[in-house]
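These are my notebook entries on a structure that I had not examined before.

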Amino acid sequence: MEHTFVSALLLMFLMADPFGNIPVFVACLKSVSPKRRAWVIIRECGIAGLVLAVFAFGGRAFLDALGLSQAALSIGGGLIVLLMAIRMVFPSKEGVFGETPFGEPFIVPLAVPAIAGPSTLATILLLVGSDPDRILEWLSIVVITCVGSAAVLIFAERLQNVVGERTTSAFERLMGLILAAMAVQMFLSGITDFIKTTF
């Protein structure tokens, strides 16, 4: 599956799922001073961007070291994306990442795995593996995704109070449905690539 800039950006943004992470961030930052919350969110999004960038640069070497083919990555990535989509459409009471720790969070669980989780890491590996020559394009998508996530999450508590929890939940489920369709396409593309390279 060849991704355009827009489709790759949409996929990465959906995988980062800033709207779905609003309840997680609100819960984690309850004990943090309101004056520090914006700084903590920016810091965590920056760390997540750094982790994704490292995976972008080392993605090809990582795949080669593990002996993974592009077809395997596409199928595996599609399965991870599908699981993420299912959690978005059918959320649990504990949330995607379980219970959140008290105090000011650092790296876990906000930067990793809320933003730079298995789904986004698999996505950046998939993008770089599909076309390594577009590395700057993929990095710009990482930057835009992290900046956009930070913008959404900085106003997360206010946004949730304005639109209401039911609207936020409905929007997350809608994004989950879109993500499920993209996951199926990734899975089918991986099977197609496997058949082409095997037979």
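**Entry 1: the cores.** I looked up the largest nonpolar core and found that it has 37 residues, among which Phe25, Leu29, Leu52, Ile115, Ile124, Trp138 and Leu153 touch the most other members. I took a nonpolar core as a set of buried Ala, Val, Leu, Ile, Met, Phe, Trp, Tyr and Cys residues joined through side-chain atoms within 4.5 Å. Buried stands for under 20% relative accessible area, exposed for over 50%, and partly exposed for what lies in between (1.4 Å probe, protein chains only). Two or more residues of this core come from each of α1 (5-16), α2 (22-28), α3, α5 (110-115), α6 and α7. The largest share, nine residues, is that of α7. I noted a second, separate core of 16 residues, including Leu11, Leu14, Met175 and Ala183.

**Entry 2: the basis of the values.** The model is predicted, and local features need pLDDT of at least 70, side-chain atom pairs count only at pLDDT 80 or more, and totals for chains, interfaces and linings use all residues. Residues are numbered from 1 along each chain as its sequence is written, and side-chain values use heavy atoms, with hydrogens and water left out. The helices (H or I, at least four residues) and strands (E, at least two) are DSSP runs, numbered from the N terminus.

**Entry 3: α3 against α6.** How do α3 and α6 pack? I found helix α3 (residues 34-66) and helix α6 (residues 118-130) at an angle of about 55°, with their axes 8 Å apart. The axes are lines fitted to C-alpha atoms, for helices over the stretch in contact, and angles run from 0 to 180 degrees between N-to-C directions. The pair α3 and α6 is therefore oblique; angles under 35 degrees count as roughly parallel, over 145 as roughly antiparallel, 65 to 115 as roughly perpendicular and the rest as oblique. Their crossing is right-handed. A crossing is left-handed if the near helix is turned anticlockwise from the far one by less than a right angle, and right-handed if clockwise. On the α3 side I listed Val51, Leu52, Phe55, Ala56, Gly59, Arg60, Phe62 and Leu63, which meet Thr120, Leu121, Ile124, Leu125, Val128 and Gly129 of α6. This contact of α3 with α6 has ten nonpolar, three polar and one charged residues. In this classification Ala, Val, Leu, Ile, Met, Phe, Trp, Tyr, Cys and Pro are nonpolar, Asp, Glu, Lys and Arg are charged, and the others, Gly among them, are polar.

I then followed two residues of α6. Ile124 is in contact (heavy atoms within 4.5 Å) with Met12, Leu52, Phe55, Ala56, Trp138 and Val142, leaving aside its neighbours within four places in sequence. Thr123, also found in α6, is buried at a relative accessible area of 1%. Not counting residues up to four places away in sequence, Thr123 touches Leu11, Met12 and Met15.

**Entry 4: α3 against α7.** I looked up α3 with helix α7 (residues 135-154) and read an angle of about 160°, with the axes 9 Å apart. The two helices are therefore roughly antiparallel. By class, the contact of α3 with α7 has 16 nonpolar, two polar and no charged residues.

Which residues does Cys146 contact, leaving aside its neighbours within four places in sequence? They are Cys45, Ala48, Gly49 and Leu52. Cys146 is placed in α7 and counts as buried at 7% relative accessibility. Its C-alpha atom and that of Leu52 are separated by 9.7 Å, while the residues lie 94 apart along the chain.

**Entry 5: α1 against α9.** The axes of α1 and helix α9 (residues 165-198) come within 10 Å and cross at roughly 120°. That makes α1 oblique to α9, and the crossing is left-handed. Ser7, Leu11, Leu14 and Met15 of α1 make the contact with Met175, Ile178, Leu179, Met182 and Met186 of α9.

**Entry 6: positive phi.** Most residues other than glycine have a negative phi. I noted Asp17, with phi near 50°, in the loop between α1 and α2. Asp17 is buried, with a relative accessible area of 3%. I also noted Ile107, with phi near 70°, in the loop between α4 (70-89) and α5. Is Ile107 buried or partly exposed? Ile107 is partly exposed, with a relative accessible area of 30%.
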